[in-house]
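Take a look at the model below.

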Amino acid sequence: KTNLLEVTDLRVNFKVRGGEVQAVRGVNFSIKPGEAVAIVGESGCGKSVTAQSIMKLLPSPPATISGSIRFKGEEIVTKEEKQMEAIRGQEIGMIFQDPMTSLNPTLTIGTQITEVLVKHQKISSRQAKVKAIELLHLVGIPNPETRFGQYPHQFSGGMRQRAMIAIALACNPALLIADEPTTALDVTIQAQIMRVLKDLQVRLGTSIILITHDLGVVADVCDRVIVMYAGKVVETGTKWEIFGNPQHPYTRGLLRSMPRLDQPKDEPLIPIFGSPPDLIKPPLGCSFCARCDEAMRVCLDNDPELVAVGANSDSEHAAACWLTHSYAQGEKSI
Ligand code: SF4
Ligand code: MG
């Protein structure tokens, strides 16, 4: 299958007082039609900036973007705002952490969905109402006919997020980007929203990019995981490879810090100590070096590239760590 989205050597810098933050530093990945991919990492790792670059929602200046983002073969990086509006409305949908900021408090949920439908699908308002109720049903909102006429404040947090997903789906997007969609919600609701996303991927064939700091929420929804650290991809693979055979010490750290269903009561979670490097002046060597308990001398001055893990050439499992580079075999830890 040809790729729906191809991101090549994406770099995003922000002008700030005292210099330029290199928020995204040469990111490569692609998404196939119908695929659900998670981008995981701590806050400030560049995952949201990557998502906003795809939507072209970054203010320029202060942001400067270079590299290539191809969506259905078309270059996004050089698109005019006018063309971008059409893509955002019809091809790529986005949902955010806090639906209250994206919902209009003065309009009913039904009106907000039908507006999108009428604008993008060129259907009558009567048809739009039928479709909107279908969409509310599709995202698991009970009594959609009643809910159609209610305002955002009459919805709970979880129901608002479902309504946001319904609005994003109203333009029938090929790609849905969800940036921390469940962070503000409690665990049970989180799981429900994740099921809704998975359901949409399976039933509608929508590709999904799920942006999250929580590796725990990706397993149910995503086929593939991209782990970002300090503006770079440090590991990528299928969810089986990432959960079952993590290669990068940062990925292993994320897994150790994440609560598991089978977590023994007496086994504490182990947080990753320290904080990410200053991206105004990124380190010369591996960006994880200062926090890595497996660091070697080679890591100090040499930044490892993302290379394939293992001999299986069909696998897309890759890591950016000297431990997996044969070149560094025999290096001692420091
Ligand atoms: Fe640790 Fe070195 Fe691997 Fe970086 S390259 S994650 S410092 S072992
Ligand atoms: Mg973010």
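**Overall fold**

The chain has eleven helices and twelve strands (DSSP runs, H or I of at least four residues for helices and E of at least two for strands, numbered from the N terminus). Its radius of gyration is 21 Å, close to the 20 Å that the globule rule gives for 334 residues, so the chain is as compact as a globular protein of that length. That radius is taken over C-alpha atoms, and the rule is 2.2 Å times the number of residues to the power 0.38. The C-alpha trace spans about 70 × 50 × 40 Å along its principal axes.

This is a predicted model: local features need pLDDT of at least 70, side-chain atom pairs count only at pLDDT 80 or more, and totals for chains, interfaces and linings use all residues. Residues are numbered from 1 along each chain as its sequence is written, while chains are lettered from A and ligands numbered from 1 in the order in which they are written.

Of the 334 residues, 43% count as buried. Buried means 20 or more other C-beta atoms within 10 Å of the residue's own, exposed means 12 or fewer, and partly exposed lies in between, with C-beta atoms placed from the backbone. Now take the contacts with a separation of 6 or more: 62% of them join residues 24 or more positions apart. A contact here is a pair of C-beta atoms, placed from the backbone, within 7 Å.

**The eight-stranded sheet**

Strands of a sheet pair through backbone hydrogen bonds, either parallel or antiparallel. Two strands count as paired if DSSP finds at least two bridges between them. Eight strands form an open sheet with mixed pairing, in the order S6-S7-S8-S3-S9-S10-S12-S11. Its edge strands are S6 (92-95) and S11 (307-308), and each pairs on one side only.

S6 pairs with S7 (residues 175-179) in the parallel sense over four bridges. Ile95 has Ala178 as its bridge partner in S7. Both faces of S6 are covered: Ile92 and Met94 on one side, Gly93 and Ile95 on the other, all buried.

Move on to S3 (residues 36-40). Five of its five residues are buried. In a regular strand the side chains alternate between the two faces of the sheet. In S3, Ala36, Ala38 and Val40 point one way, and Val37 and Ile39 point the other way. Five bridges join S3 to S8 (residues 207-212), and the two run parallel. S3 also pairs with S9 in the parallel sense, over four bridges. Val37 takes part on both sides: its bridge partner in S8 is Ile209, and Val37 stands opposite Arg224 in S9.

Where does the antiparallel pairing of S9 lie? S9 (residues 224-229) runs antiparallel to S10 (residues 232-238), joined by six bridges. Within this pair, Val227 has Glu235 as its bridge partner.

**The four-stranded sheet**

The other sheet is open and antiparallel, in the order S2-S1-S4-S5. S2 (19-31) and S5 (74-75) stand at the edges with a single partner strand each, so one side of each is left without a neighbour in the sheet. Eight bridges join S1 (residues 5-16) to S4 (residues 63-71). Glu6 stands opposite Arg70 in S4.

**Core and ligand**

In soluble globular proteins, nonpolar side chains tend to be buried together. The largest nonpolar core here has 95 residues, and Ala166, Ile209, Leu210 and Ile226 touch the most other members. Helix H7 (residues 157-169) gives the most to this core, with eight residues. Such a core is a set of buried Ala, Val, Leu, Ile, Met, Phe, Trp, Tyr and Cys residues joined through C-beta atoms within 7 Å. Leaving out residues up to four places away in sequence, Ile226 touches Phe29, Val37, Ala38, Ile39, Val40, Val233 and Thr236.

Ligand 1 is surrounded by 14 residues, the closest being Cys286, Cys292, Ala295, Cys299 and Cys321 (C-beta atom, placed from the backbone, within 6 Å). This shell divides into twelve nonpolar, one polar and one charged residue. Nonpolar covers Ala, Val, Leu, Ile, Met, Phe, Trp, Tyr, Cys and Pro; charged covers Asp, Glu, Lys and Arg; the others, Gly among them, are polar.

Most residues other than glycine have a negative phi. Lys56 has a positive phi of about 55°, and Lys122 one of about 50°. Lys56 lies in the loop between helix H1 (47-55) and S4. Lys122 is found in the loop between helices H4 (109-121) and H5 (125-138). Are they buried or exposed? Lys56 counts as buried because it has 21 C-beta neighbours inside 10 Å. Lys122 has 8 other C-beta atoms within 10 Å, so Lys122 is exposed.

Notes
Two residues are in contact if their C-beta atoms, placed from the backbone, lie within 7 Å.
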